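Hello,

Here is the structure I promised to pass on to you.

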Amino acid sequence: MKQKAYRHGEILLLKVSKLPKGLELSKSKTIMTGSHGNNHDIDNGKLYFKNEGTFVFGYLVAKDTNLLHPEHKDETGKAKIKDGVYQLLKQQEYTPNGLIPVID
Amino acid sequence: MLEKLTKKQIELQKEVRDEWIDIALHRNNFDKEEIEAGVKWMYYASNLKEPKVVMVDGPKDFSKKFRASVRASVGDSVRASVGASVWASVRASVGASVRASVGASVGASVWASVRASVGASVGASVGASVWASVGDSVRASVRASVGDSVSWTSLCGDAEFGAYYEYYKKINIVSNEKADKYIGFLRSGAFYCMFFEKVAFVMRRPITVKQNERKQLHSTSGPALEFKDGTKIYKLNGVEFDKKWWNKIVKDTMKPETIFAIDNLEHRRIAYEFMDKSKMKSLKNYSVLDEVKDDGYGFPMKVVSFTVKNVNEPLKYLNCFCPSTGREYFIGTSKDKCIEAKNASFGLEDIEFVSEW
């Protein structure tokens with residue numbers, strides 16, 4: 001069965017079964033800071049940041065969570081996701097010299 | 001409880017909205033006496049000692065005057081002390097009491113109508129684009145000293161509140177002495193203020209503000225934002241460039257391979273937008289490897305390939321569109337198929353996308 005995911009611009013939220021142990025809860029509601037001042041934020045839910053390899057940079061435990069961004073949103077101004085645990089992945093692009101994070 | 005706006009009250013929305021966009025961005029007044037009195041009032045209301053008030057003509061002037069003051073003489077960065085106090089004593093309390101008064105007096109539909117027609121449109125015109133840009137510019141110029149800890153208040157950040165408050169005041173829903181005083185301060189031309197323990201810097205409005213129809217800072221003929229001190233900020237559709245790159249893009253002097261080599265995806269996107277698309281034919285061995293007519297959001301996807309000098313392998317790009325904004329992107333890939341390229345950009349092989357924004 002395919003893993004389910006939400007995409008919010010250059011961030012992917014991949015549904016996973018459980019939260020890995022030993023993560024530290026972040027006080028922040030910002031998933032990622034945008035280089036043009038446009039952050040990817042959440043209104044509700046818990047964020048845990050941990051780099052795992054090239055793509056994974058943390059986890060989100062979503063409960064009544066909307067993803068917020070000035071540009072990546074639906075007509076209601078929000079992007080609602082289902083409750084659950086998500087792995088956070090940052091989009092990368094291929095170059096002949098290796099992968100580089102998508103910078104927007 | 002006001003449940004419905006009259007025709008006259010609806011017409012007033014546009015009037016107030018336009019007036020506040022004008023106040024925030026286009027008027028020339030810079031009433032130093034009024035500004036100084038306003039700053040001192042905010043410090044006084046926050047139980048803080050009166051600061052020295054320094055007027056600046058733009059981000060460069062601020063940087064110069066900030067550096068010229070011996071760091072100790074401006075006092076501590078004041079997010080914790082001045083920031084919290086000023087914010088709590090003036091802006092937050094004013095905002096909260098106004099919101100409470102308005103909330104108690106108007107119905108949901110009136111609230112939504114005013115928010116959409118007055119507040120949000122002023123915010124879109126002034127807040128998001130201009131305020132963020134000025135903030136970035138200020139912080140960039142004195143990042144080591146100011147960092148993110150500077151406390152601020154500003155016309156460009158609070159014009160939305162000004163419009164919202166004055167609209168409700170004009171239709172006799174609310175009247176608040178502190179809010180009136182704060183609005184008077186904003187009207188005096190305090191475009192951007194930075195508060196420190198002993199010194200408050202107040203910046204005058206920019207002399208040029210150019211925006212596109214989406215109210216993003218944008219100009220193809222010169223700086224989108226220009227201050228009296230010579231600070232010039234070049235932006236295309238809200239994305240900032242240095243002058244050299246801005247010039248190349250608006251004059252479309254770059255070869256497509258140069259555009260594809262830009263490492264910032266937003267810069268690459270804008271440069272491509274401005275490029276004459278017939279130049280794509282000049283790319284050596286240009287071909288479309290795969291094409292999807294509808295990505296699920298009504299946009300096509302392609303994987304395109306071409307070769308460039310001094311790179312052994314053909315370069316491949318996933319040509320796709322943002323489902324929220326409709327903007328077109330080219331993302332480097334090693335894959336030949338669209339879906340594979342999209343999934344691989346997140347390090348995955350097979351995913352079910354529930355929703356994308």
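**What I found**

In chain B, strand β6 (residues 225–226) and strand β7 (residues 232–236) pair in the antiparallel sense over 2 bridges. Strands here are DSSP runs of E with at least two residues, helices are runs of H or I with at least four, both numbered from the N terminus, and two strands pair if DSSP finds at least two bridges between them. Opposite Glu226(B) stands Lys232(B) in β7(B).

A word on the source: this is a predicted model, where local features need pLDDT of at least 70 and side-chain atom pairs count only at pLDDT 80 or more, while totals for chains, interfaces and linings use all residues. Residues are numbered from 1 along each chain as its sequence is written, with chains lettered from A and ligands numbered from 1 in the order in which they are written.

β6 and β7 belong to an open sheet of 4 strands in chain B, in the order β5-β6-β7-β8, with antiparallel pairing. Its edge strands, β5 (208–209) and β8 (239–241) of chain B, each pair on one side only.

Now for the two chains together: 30 residues of chain A are in contact with 27 residues of chain B (contact means C-beta atoms, placed from the backbone, within 7 Å). β1 (3–8) and β10 (92–95) of chain A each supply at least two residues of the side that touches chain B, and β1(A) gives the most, with 6 residues.

β1(A) also runs parallel to strand β13 (residues 351–356) of chain B, joined to it by 5 bridges. There, Gln3(A) has Ile351(B) as its bridge partner.

Best wishes
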